[in-house]
Amino acid sequence: MVETGHFALVLAFALSLVQTIVPLFGARLNNQRLMAVGGPVAVTGFALTALSFGALASAYASSDFSVASVWENSHSLQPMIYKITGTWGNHEGSMLLWVLILTFFGALVAAFGSNLPATLRANVLAVQGAIGAAFFLFILATSNPFIRLNPAPIEGRDLNPILQDLGLAIHPPFLYLGYVGFSICFSFSVAALMEGRIDASWARWVRPWTLVAWMFLTGGIAMGSYWAYYELGWGGFWFWDPVENASFMPWLAGTALLHSAIVMEKRSALKIWTLLLAILTFSLSLLGTFLVRSGVLTSVHAFATDPTRGVFILCILTLFIGGSLVLFALRASRLTAGGLFHPISREGALVLNNLFLTTATATVLVGTLYPLAVEAFSADKISVGAPFFNLTFGPLMVPLLVLVPFGPLLAWKRGDVFAVAQRLMVAFAAALLATLVTALFIDGASVFAALGVGLAVWLILGALTDLAVKSGFGNVATGIMVRRLLGLPRSVFGTAFAHLGLGLTTLGIVGTLCFGTEKILSMHAGETVELSGHTLRFVGLYPAQGPNYSEDRGRFELIGVSGSAIGEISSAKRFYSVRQMTTTESGIRTMGLSQLYISLGDEGKDGSVVVRLWWKPLVTLIWGGGLVMMAGAAMSLMDRRLRVGAPSRRRKQASAIPSTGLP
Amino acid sequence: MLFWVIAAILTLGASLAVLLPLAAGSKGTSSTGDHDLEVYRDQLSELDRDAARGLIQPAEATEARAEIARRILRLDNAAASGKASTRQASVAARLVATAAVLAVPLVSWGLYSQLGSPDLPSQPLSERLAKNPADSSVDELVARAEAHLAANPSDGRGWDVLAPVYLRMQRFSDAAAAYRNAIRLDGDSAVRRAGLGEAIANAAGGIVSADAQDAFEAALKLDPATAKASFYLAMALAQEGRAKEAVAAWQAMLGRLPPDSPWRGAIEQALAKSGSPEVASGGATNGPDAGDVDAASSMSPADREAMINTMVAGLDDKLRQNPRDPEGWMRLVRSYVVLGKADQARDALGRAIAVFGADSDEAKKFTAFAASLGLTATE
């Protein structure tokens, strides 16, 4: 079974070579048969990669320690779920997941791309195949998950305890779906450059793919943030860590792409810019993969001593980013630019959005790469932390967020900013009120906190105003309004939900940063502590035994007003003997939208324990907002206009609509 | 065998995915313009829907409709001019097709023969633990015993059997835990206590700690003839720097032990290590081990001198890093005197005195010691 998986992987590599070369020649020679090879090969390649991944997962599930990667990252006593998630909890397996998702997207283009022009489809599949071939080669040459050990060890070295968590089951697959999803936009862009023309269907295809990738990336980042929040025991939700930035940069660029793709789809404008943005977004995904997978982050110098993997990815990076940018430089002038628009219009607003988002991306890029450059050229190791990003990224985001509610309300081509401002009066008044209430009635609220709350309310109500205006709220009878609301295109809901989610996340961040409280103290069993109106009694430390760890579980009782216990929170320190590692299991109790967070520290000699407590108001909104954004993307994806464009099948239907009035 | 069959089937399937589209007759396909036209039509119908819903003003709708119509017109122009190049290079196409069909089996089998281990079957842990014990390796037997004990943790006999195996496998902390379980479940015995002590001592890198001493003393209480316990307790004395007592204890053991006891060898080795006063004070961990001494006795005089010089240089180095070791300084001074290097001996003495201060008790001891060797601090 293991060797079958290995063979399937090699075979998938061979097919990816065919997928690169044959459709490419087909498109050059305008040969239908050669172009037709791309589809079946992409689907078969995906099936083989899936078989290979399945074989590796089954080796993990059955603790087959004759596979080196299983021996290094698994243990027979781990619960089954972590044995399986361990498949992608290591370098080799996660790269296999990467190509699995890449071939999956290639297969989707093959399966649903029948409505694409033949040469475009062939070129897209060829570019997708080339990316696949590069990464298959990378896996086989430097990170083969199917290397065997003979004789096989009897016990594995266990999975990194931090990864023994449900977060690992969801976070990497979502993140990779996002990263790799942008590869389709990239392939479409490079294909368009190779052909020297942008089809109208190109514009239609790029947007749904961007939406899919963006949706999963949003989910992946939100999940990763929550995972770090509860697993690392520091109570923080974002650390501006290079690994986080690696996923955040494609997200920022992808958000810009999502918006410029709207302009391109609706108005045929900004075509060249959108194309460039698609290339840049996937380039940032590749850069993220390089940063995380090459080991360059741990230490530039350690990377230099064992550079095989890093240099290999760097070559892939140079080939695809450099190649596509050169192609862009050569061909972009040939592409025809699209329609014109007035600066104050929906298009103008989206351009502004793009300006802010790309500048923000550049800021994060600098903050992430600068320390690496300093380390490479001198002996110093510096870190660019939150202060840098607060000073640069923050000021860029605030004006963008202020402008967000205007965008969807502006008309295409020529907008009337005063009419829009008038419509937003209610939201503005409410935001002002929220700011004043926060400043006057909440103790310890700073000016920043009050303005932050106002901004969040402005975003939330702005998003709702969009829906209200479009359904004719206040102008028509309630019945008609409801009917109109339900009849709105799904994409309108998508926009509103995505912007609503942004507002909720902002509210969560402001609430946690400005109104959260924190206490660190040493507690004996039986002592009580009070934090922001909640009384906790430390019951004591209790040892317990897990399947592959032992733990000291600290139990806390939440004391109600009457003095009796109304709930229990427990936090533990776990010791994993195989890796000799300790992890902290934080104790979290959600109350409404807020959370009480407990993390155990070291044990004192006299039986006391260091306890860290946080009260985190509205903290769940940070990730809840992410979920709402995902829901918005999903709604936008369901919009009917995105399922369009197959000439042969839909011709009759289309001409049956009388209002088109065209032959 | 089965693997090769599967591999062949997979290769066949992959090759067919390349071959079939190449062999199929080319279907009449639509041109690019048709696709674009379809998109524009749809944009028009969407525009109408938006206008009906009141999402867009009538004037803007008319303008947008005109814009889309212009795009459609442009499309017709492009379609008229773009129908020149058809297939001309069918030879090249055939070449690419042949290469592609051949590449799939050649690349895959070629690469796999370099990378794969086709003869190695899958080895799921459950299967390995279920096979006949006679075919199992020691590791597999231990794993099986561990699985049994994980299910029946109160099987004292099981722990008792496993504990010495752990000791031999150098899994010392596991051995200590196993001995403790055996003692808890099956009662105390001198063998188990002594084993526990050995496990604790080895887990600490050979240092006989207080915990280990307790275990050995308990063993001796149960059975005063437990050689292992006596041996390690003597080792503890040596490690505390009480070399004379340790040597006495070992020599007493040699007197008591039956002639065929396996402990005789170990004791003689330990005595050899601590035999000469030069090395005794450093305890078991410093100084040359029995192997080094054996090697020295069968060497040529030149080689032997070279070895001794290296050892002395090593001691000198060690004292530069950890200078607060009076015994060590005396050994160094003495070594230099024995080697006939009076200058270096004097230098070492000076450094030793400097470390502890000229007025300290150690300094006085050093001066007296050097005098007994015929050496003075200054010429």
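# Two chains, a few residues

Me: Leaving aside its neighbours within four places in sequence, what is W71(A) in contact with?
Reply: W71(A) is in contact with F65(A), L149(A), P153(A), E155(A), G156(A) and R157(A), once neighbours within four places in sequence are left aside, where contact means heavy atoms within 4.5 Å. This is a predicted model, in which local features need pLDDT of at least 70 and side-chain atom pairs count only at pLDDT 80 or more, while totals for chains, interfaces and linings use all residues; side-chain values use heavy atoms, with hydrogens and water left out. Residues are numbered from 1 along each chain as its sequence is written, and chains are lettered from A and ligands numbered from 1 in the order in which they are written.

Me: And where does W71(A) lie?
Reply: W71(A) lies in helix α3 of chain A, where helices (H or I, at least four residues) and strands (E, at least two) are DSSP runs numbered from the N terminus. The C-alpha atoms of W71(A) and I154(A) are separated by 8.7 Å, although the two residues are 83 apart along the chain.

Me: How many helices and strands does chain A come to?
Reply: Chain A comes to 22 helices and nine strands.

Me: What radius of gyration does chain A have, and what would a compact globule have?
Reply: Chain A has 27 Å, which agrees with the value near 26 Å that a compact globule of 663 residues would have. The radius is taken over C-alpha atoms, and the globule rule is 2.2 Å times the number of residues to the power 0.38. Along the principal axes, the C-alpha atoms of chain A fill a box of roughly 85 × 75 × 55 Å.

Me: Contacts again: what share in chain A is between residues 24 or more positions apart?
Reply: Among the contacts in chain A with a separation of 6 or more, residues 24 or more positions apart account for 73%. In chain B, 47% of the contacts between residues at least 6 apart in sequence join residues at least 24 apart.

Me: OK, single residues now. Is T49(A) buried or exposed?
Reply: T49(A) has a relative accessible area of 0% and is therefore buried, given that buried means under 20% relative accessible area, exposed over 50%, and partly exposed in between (1.4 Å probe, protein chains only). T49(A) is found in helix α2 (residues 32-61) of chain A, and its contacts beyond four places in sequence are A12(A), V99(A), L100(A), T103(A) and F136(A).

Me: What about S183(A), buried or exposed?
Reply: S183(A) counts as buried, because its relative accessibility is 0%. S183(A) is found in helix α7 (residues 166-195) of chain A, and, not counting residues up to four places away in sequence, S183(A) touches L102(A), Q128(A), I131(A) and F282(A).

Me: Which residues is S62(A) in contact with, leaving aside its neighbours within four places in sequence?
Reply: With those neighbours left aside, S62(A) is in contact with P124(B) and L125(B). S62(A) is found in the loop between α2 and α3 (68-73) of chain A, and it counts as partly exposed because its relative accessibility is 26%.

Me: Which value is the phi of S63(A) near?
Reply: The phi of S63(A) is near 50°, a positive value in a residue other than glycine. Most residues other than glycine have a negative phi. S63(A) lies in the loop between α2 and α3 of chain A, and S63(A) is buried, with a relative accessible area of 2%. S532(A) has a positive phi of about 45° although it is not a glycine; S532(A) is found in the loop between β2 (528-531) and β3 (534-545) of chain A, and is partly exposed, with a relative accessible area of 36%.

Me: Switching to chain B: how many helices and strands?
Reply: Chain B comes to 19 helices and zero strands, and buried residues make up 37% of its 379 residues.

Me: What pLDDT does chain B average?
Reply: Chain B averages a pLDDT of 77, with 82% of the residues scoring at least 70; pLDDT is the predictor's confidence in each residue, from 0 to 100. Over residues 82-88 of chain B the pLDDT is below 50, and this stretch has four contacts in the model beyond near neighbours in sequence. Residues 276-291 of chain B also have a pLDDT below 50, and that stretch has 21 contacts in the model beyond near neighbours in sequence.

Me: What does the model score for ipTM and pTM?
Reply: The model scores ipTM 0.82 and pTM 0.76.
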